[in-house]
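I opened this notebook to record what I looked up in one model. The sequence and the structure are placed here for reference.

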Amino acid sequence: MGTVYKVNKGINKSIEFKGLKAQYIWYLGGGIIILMILFAALFIIGLPSLVCVGLIGVLGTLLVVNIYGLSRKYGEHGMMKALAKKQLPKALKCYSRKVFMRNGKL
């Protein structure tokens with residue numbers, strides 16, 4: 001009897017979790033950890049717990065909506081490309097002709 005092997009068809013695909021792609025999963029996880037730390041700090045300071053829960057709830061909702069929006073807008077690698085495009089100069093200025101002269105050689 002032959003051996004049956006299971007084929008994994010998602011080998012080179014990026015990670016996706018409930019619509020979030022690639023690095024956005026990490027951004028959401030980091031944001032949630034920061035919100036938990038903020039909640040603990042506000043609670044230790046002495047703010048009423050309902051105020052803490054309400055503030056963290058609003059900030060958490062904004063975080064999730066924002067990250068899902070980034071994931072939808074840029075996709076897997078688009079945000080990195082957009083950030084790299086911002087670092088390109090608008091124009092290059094050259095004040096010397098030496099760059100274009102190669103001693104008569106082409």
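**Basis.** I worked on a predicted model, in which local features need pLDDT of at least 70 and side-chain atom pairs count only at pLDDT 80 or more, while totals for chains, interfaces and linings use all residues. Residues are numbered from 1 along each chain as its sequence is written, and side-chain values use heavy atoms, with hydrogens and water left out.

**Terms.** I took helices (H or I, at least four residues) and strands (E, at least two) as DSSP runs, numbered from the N terminus. Buried stands for under 20% relative accessible area, exposed for over 50%, and partly exposed for values in between (1.4 Å probe, protein chains only). Contact stands for heavy atoms within 4.5 Å.

I then listed the contacts of Y24, not counting residues up to four places away in sequence: I67, L70, S71, Y74, G75 and M79.

**Helix α2.** The 26 residues should span 38 Å, and the end C-alpha atoms are 37 Å apart, which agrees. The buried residues of α2 are C52, I56, G60, L63, I67 and S71. They pack against β2 (20-21) and α1. Just after α2, G75 takes a positive phi of about 75°.

**S71.** Leaving aside neighbours within four places in sequence, S71 is in contact with G19, L20, K21 and Y24.

**Surface patch.** I looked up a nonpolar patch; patches are made of residues with over 30% relative accessible area and no salt bridge, with like charges joined within 9 Å and nonpolar side chains (Val, Leu, Ile, Met, Phe, Trp, Tyr) within 5 Å. A salt bridge is a side-chain nitrogen of Lys or Arg within 4 Å of a carboxyl oxygen of Asp or Glu. L38, L55, V58, L59 and L62 make a nonpolar surface patch of about 400 Å². Helix α2 gives the most to this patch, with four residues. L62, found in α2, is exposed, with a relative accessible area of 54%.

**F39.** I found F39 in helix α1, where it counts as partly exposed at 29% relative accessibility. Apart from neighbours within four places in sequence, F39 is in contact with C52, V53 and I56. The C-alpha atoms of F39 and K93, 54 residues apart along the chain, are separated by 51 Å.

**Q23.** Q23 lies in the loop between β2 and α1. I noted Q23 as buried, because its relative accessibility is 14%. Not counting residues up to four places away in sequence, Q23 touches E76, M79 and M80.

**K13.** I placed K13 in the segment before β1 (16-17). K13 is exposed, with a relative accessible area of 65%. The C-alpha atoms of K13 and H77 are separated by 12 Å, the two residues being 64 residues apart along the chain.

Note on methods. Accessible areas come from the Shrake-Rupley method with a 1.4 Å probe; for residues, only the protein chains shown count as cover. The expected span of a helix is 1.5 Å times one less than its number of residues.
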